Amino acid sequence: MIRLTGIHKSFGSQKVLNGLDLTIPEGKITAVIGPSGEGKSVLIKHMIVLLQPDSGQIMIDGDPIVGIRRSHMNRIREKFGMLFQNAALFDSMTVFENVAFPLQEKTSRSRNEIRHTVMEALEAVGLKNVENKYPDELSGGMKKRVGLARAVVLNPRIILFDEPTTGLDPIIKRAIHQLISDTHTRYGFTAVIVSHEIPEIFDVAQNVAMLFQGEIIQHGTPEEIRNSCHPVVRQFISGSLDGPIQVV
Amino acid sequence: MGWFILYSLYMAVCRPGSPLQILKQMRFIGTKSLFVIILTAAFTGMVLGLQGYYTLAKFGSEGMLGTAVALSLIRELGPVLSALMVTGRAGSAITAEIGIMRISEQIDALETMALDPFKYLVTPKLIAAMVALPLLCAIFDVVGIYGGWLVGVKLLGVNPGAYFYEMEKAVELRDITSGFAKSFSFGVIIAWIGCYKGYYAGHGAEGVSRATTESVVLTSVLILIWDYFLTSVLL
């Protein structure tokens with residue numbers, strides 16, 4: 001379980017997170033939705049200690065992770081996998097090498113075992129015959145799949161998805177969402193998805209939290225969010241220009 | 001910046017990373033710089049041959065040309081010019097490579113895998129530069145001496161025996177080791193600044209471009225400043 005309490009984060013004079021509280025339940029898919037530029041990616045990067053909050057505490061399975069030593073931090077990070085917005089594949093490595101890299105560095109498996117695990121992970125995300133290609137030879141959707149394969153290959157307990165479908169066409173979006181659901185069922189990890197894909201994300205997530213002005217303004221099941229009376233949530237879901245969310 | 005180099009040196013000693021990565025970096029920093037080093041060295045030696053002959057002829061000491069060329073190259077020009085050439089060719093590429101990895105979140109990806117980016121990105125480059133620079137400097141010195149020989153002996157008629165005999169008499173082991181010590185420390189500076197500027201590159205293509213320019217300028221200036229202090233100590 002991930003618990004964030006009273007998280008404040010500013011970049012210069014810009015306040016991004018403003019006393020945010022959020023609990024991510026174990027073994028479920030939680031979506032964090034909200035308008036662009038509201039700090040969703042900043043929030044997810046706090047969970048894996050790529051950013052440190054100005055104040056507040058983050059607990060992973062009861063362990064505080066704010067201000068901890070690097071060695072301890074790495075032990076916490078071993079619980080995580082992450083799919084970045086642009087997949088963040090190592091561009092000097094092939095697809096195979098990208099997926100194999102965490103296995104080579106973090107396990108003592110033999111070459112054959114690594115090969116078998118990588119091919120299995122690539123197959124699980126629907127990729128075949130691409131293992132010798134470089135990331136710049138792949139489409140956006142394929143890169144995300146490779147990123148997903150790399151994120152799940154060590155079988156982590158928690159996977160963070162930073163806008164996994166941004167910039168993809170509707171069919172590939174659906175395919176990626178389906179893939180997240182399928183891999184979740186298969187591996188049983190806790191997932192946090194940062195997204196503004198409305199309404200598709202409601203079909204994937206079991207919990208939804210709405211981030212606005214640095215705070216979680218509503219947190220509940222997809223049905224509760226869909227039927228919310230909160231004017232910000234309603235405007236965001238309907239995509240209306242009129243309402244409390246100001247479009248600059 | 002101080003913390004960056006201290007931690008990099010600590011990692012180079014305690015957790016140097018994969019030998020394959022270090023060899024790859026040595027190929028990139030060392031082998032791939034050979035052409036530019038040989039070219040620069042040949043013409044530097046040839047210019048030294050011309051200028052040295054012109055000056056020494058005024059005192060009737062053309063026979064000392066080999067000594068003048070060799071000492072200038074071994075003590076000063078070899079280490080400094082080879083370091084400046086590597087800065088332009090490899091230092092800038094190191095900054096650009098790490099900078100692009102920073103802005104495309106590849107460094108973040110390493111961290112999320114609980115892997116230390118220094119072990120994969122910084123340490124192999126640092127070790128490779130520390131090894132490659134003295135070797136490149138040695139090649140620079142030899143090619144430069146033969147460049148001076150070509151101009152002095154073949155074009156201007158200096159006695160070939162005198163060119164090498166006087167050089168052998170005048171050049172001491174201390175001259176050679178001080179040149180290598182300079183090259184070694186220049187290797188540290190090139191890898192340090194190159195990696196540091198890339199690691200903390202700003203946003204987007206502009207941030208990487210600015211980091212690359214700053215890296216080349218700062219490394220070049222630091223090499224010249226450090227050369228002065230080192231020379232004053234090693235003289």
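Visitor: In what order do the four strands of the open sheet in chain A lie, and how are they paired?
Guide: This is a predicted model, and what follows is computed from its atoms. Strand 2 (14-24) and strand 5 (63-64) of chain A stand at the edges with a single partner strand each, so one side of each is left without a neighbour in the sheet. The pairing in this open sheet is antiparallel, and the order of the four strands is 2-1-4-5.

Visitor: Which residue of strand 4 of chain A is the bridge partner of A:His8?
Guide: Strand 1 (residues 2-11) of chain A runs antiparallel to strand 4 of chain A, and five bridges join the two. In strand 4 of chain A, the residue that partners A:His8 in a bridge is A:Ser55.

Visitor: At what angle to strand 2 of chain A does helix 1 of chain A run?
Guide: Helix 1 of chain A lies across strand 1, strand 2 and strand 4 of chain A.

Visitor: A:Val49 is not a glycine; what is its phi?
Guide: A:Val49 is found in the loop between helix 1 (40-47) and strand 4 (55-60) of chain A. This residue counts as buried because 22 other C-beta atoms lie within 10 Å. Although A:Val49 is not a glycine, its phi is positive, at about 60 degrees.

Visitor: Which residue does a cis peptide bond join to A:Ile198?
Guide: The place to look is the loop between strand 8 (190-195) and helix 7 (200-204) of chain A, where A:Pro199 is found. Omega is about 10 degrees for the cis peptide bond in question, and the residue that this bond joins to A:Ile198 is A:Pro199.

Visitor: Which element gives the most to the side of domain 1 of chain A that touches domain 2 of chain A?
Guide: Chain A is divided into domain 1 (2-79 + 156-238) and domain 2 (94-155), and the C-alpha centres of the two lie 25 Å apart. Eleven residues of domain 1 of chain A are in contact with twelve residues of domain 2 of chain A, and those on the domain 1 side divide into eight nonpolar, two polar and one charged. With six residues, the element that gives the most to that side is helix 6 (residues 170-187) of chain A.

Visitor: Which residues are in contact with A:Leu160, leaving aside its neighbours within four places in sequence?
Guide: Leaving aside neighbours within four places in sequence, its contacts are A:Ile44, A:Met47, A:Ile48, A:Phe80, A:Met82 and A:Val192.

Visitor: Which elements of chain A give two or more residues to the side that touches chain B?
Guide: Between the two chains, 13 residues of chain A are in contact with ten residues of chain B. The residues on the chain A side divide into eight nonpolar, two polar and three charged. The elements that give two or more residues to this side are helix 2 (70-77), strand 6 (80-83) and helix 3 (95-106) of chain A.

Visitor: How many helices and how many strands does chain B have?
Guide: The C-alpha trace of chain B spans about 70 × 35 × 30 Å along its principal axes, and 47% of the 235 residues of this chain count as buried. From the N terminus on, its elements run α-α-α-α-α-α-α-α-α, which gives a count of nine helices and zero strands.

Visitor: Is B:Lys125 buried or exposed?
Guide: B:Lys125 is placed in helix 6 of chain B and touches B:Gln25, B:Ile94, B:Ala191 and B:Cys195, not counting residues up to four places away in sequence. A residue counts as buried if 20 or more other C-beta atoms lie within 10 Å of its own. B:Lys125 has 32 such atoms within 10 Å, and is therefore buried.

Conventions:
Residues are numbered from 1 along each chain as its sequence is written. Chains are lettered from A and ligands numbered from 1 in the order in which they are written. This is a predicted model: local features need pLDDT of at least 70, side-chain atom pairs count only at pLDDT 80 or more; totals for chains, interfaces and linings use all residues. A residue is buried if 20 or more other C-beta atoms lie within 10 Å of its own, exposed if 12 or fewer, and partly exposed in between; C-beta atoms are placed from the backbone. Two residues are in contact if their C-beta atoms, placed from the backbone, lie within 7 Å. Ala, Val, Leu, Ile, Met, Phe, Trp, Tyr, Cys and Pro count as nonpolar, Asp, Glu, Lys and Arg as charged, and the others, Gly among them, as polar. Two strands pair if DSSP finds at least two bridges between them. Axes are lines fitted to C-alpha atoms, for helices over the stretch in contact, and angles run from 0 to 180 degrees between N-to-C directions. Domain bounds come from an automatic or database domain assignment.
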